[in-house]
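My entries follow in the order in which I made them.

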Amino acid sequence: MKAEYSDDPLTYEAHEANIPRGWSAWFGGPNVRVGPRIAPQIAPISIEGPDSDSNLSSDAILNKQLEEEANCAIQYRTCSWQKTAALLFSEYICLAIMSFPWSYSVLGLVPGLILTVVQALIVLYTSIVLWEFCLRHPEVRDVCDIGQMLFWGQEWAWYFTAVMFLLNNTFIQGLHVLVGAKYLNTMVGPNAGISCQTVSFGAIVSVVCWLSSLPRTFSMLSKLGTASAAFTFISVILATAFAGIQDHPAGFLAEPATDPATGAALPFGNPIVTAVPILGTTFVSGLGAFLNISYTFIGQITLPSFIAEMREPKDFPKALWTCTILEILVFSIVGAVTYAFVGNQYMTSPAFGSLIPLYKKVAFSFMIPTIIFLGVLYASVSARFIFFRVFQNSRHKNEHTAVGWGAWALILLVTWILAFVIANSIPFFNSLLSLMSSLFDSFFGFIFWGVAYFRMRKADGAVALLRDRSFRGWVEGILNIIIILTGVFFLSAGTYASVQGILDEFALGTVGTAFQCASNGI
């Protein structure tokens, strides 16, 4: 039966003691104070038991979840904060790092570095808001549950969030199919004698990723994620070092020349590095570069699923802070150093294409685990979303059954088929990143968490700007209004810039066609 929602605020004085305060509100730990729910549960924990789950405290709900799967063959709430950190590392330390040099070449080094730090801090803050929401509602399994709760239990909100959630994850899977085909094309060259080369390589990558997606728990995937993050780190460090030690970037010309095929002028001269955007940088290209940076940082869509499998969710900020600090260091250093040696005129995205052939192949090869794993991670999140709803309160969810494993494999197969279609329909890296960022990050990176902040403060007894007149109340209230408006800007202007960028690339002939057979190697 649908839960009834009430917007009547509780007294501020009654709940002021429960509003998260102090160090634990930012860094987690056993002393975290969990505030009141914003609404009753939207999904039951169990079909058995006389107690109303909506009347249970957050700790009681968490303990009940642990008890229910204690003797099951497949247990989900098993992740420590260290394992969760491994999942975060594998999600964020990814191939998209190699788009940062290109973004800096468009935005200029100084604005690029500033936007990198600002975006990282905004994502850190909104992730902490998300974590606080999950602590208050430990039955939440994914961002779709949150979407329905934020918008007053409306069914349309759940379906809208579910569509956006599945599209976002499938687009990311498609991105990794595209990059996997790009890697194989780079290794074998354009004339490998393979029928419809790029489409064939995309199909191979899709099958490998589907098989790799079959593990059912994040605890198992965290082990693969640790290896993935380590290989990615090696890959980007090698690429950065190679950019510095090679005599010239790939495509370097000392004197002016033209392309014999098209007659267009080719870039020449020593690499040009600028602190600010070059004259003539358009709104579309500048916003596209910023959207590339934003895409790499914004990953809140998976965080509710990660927190839902932590044995102690109060420790989540430890994983979050660790990952954010490493992100800022790695993204800034790799982006700035690579850009400094490659310059504006020889820059490609991903930046592996700016390396001479040997260095490119060596550095790119270390990215193989991430090309496979990160798509696998998002496929698993999508499959879990569908699987848990189909088999809720069924033995197929927690036991090894032919029906359970068959359904799991089939759901994953469908997502990878869709990813293969997307990868071959939008066959270029930068524009696909920008489009995904504008369409999905507007909601899952900004709007949702600004709304969540105000819903939680209202449940606490006051909206910050109206009742909590402390310095923190005013600052956070204004900040969350800005976060919501930023999401609206991403959705409107960002989508326009992304679509226009795609049209421009097709018009200029700088990218291939949909379902192209020719090599897309870098």
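I began with Val403, which, once its neighbours within four places in sequence are left aside, is in contact with Phe391 and His396 (contact means heavy atoms within 4.5 Å). I noted that this is a predicted model, in which local features need pLDDT of at least 70 and side-chain atom pairs count only at pLDDT 80 or more, while totals for chains, interfaces and linings use all residues. I also noted that residues are numbered from 1 along each chain as its sequence is written, and that side-chain values use heavy atoms, with hydrogens and water left out.

Val403 lies in helix α17 (helices are DSSP runs of H or I with at least four residues, numbered from the N terminus).

**α15 against α17**

I then looked up how α15 meets α17 (residues 402-425), and found that their axes come within 9 Å and cross at roughly 125 degrees (axes are lines fitted to C-alpha atoms, for helices over the stretch in contact, and angles run from 0 to 180 degrees between N-to-C directions). The two helices are therefore oblique to each other (under 35 degrees is roughly parallel, over 145 roughly antiparallel, 65 to 115 roughly perpendicular, and the rest oblique). Among the residues making the contact I listed Gly375, Ala379 and Phe387 of α15, and Gly404, Trp408 and Trp416 of α17. By class, I recorded 10 nonpolar, four polar and one charged residues in this contact (Ala, Val, Leu, Ile, Met, Phe, Trp, Tyr, Cys and Pro count as nonpolar, Asp, Glu, Lys and Arg as charged, and the others, Gly among them, as polar).

**α9 against α17**

Helix α9 (residues 197-212) packs on α17 at an angle of about 155 degrees, with the axes 10 Å apart. That makes α9 roughly antiparallel to α17. The residues in contact include Val199, Cys209 and Trp210 of α9, with Leu412, Trp416 and Asn424 among those of α17. Here I recorded nine nonpolar, three polar and no charged residues.

**α14**

Last, I asked which residues of helix α14 (residues 357-365) are buried, and found Lys360, Ala363 and Phe364. Their cover includes α8 (155-188), α10 (218-245) and α15 (368-390).

Key:
Buried < 20%, exposed > 50% of the residue type's maximum accessible area, 1.4 Å probe, protein only.
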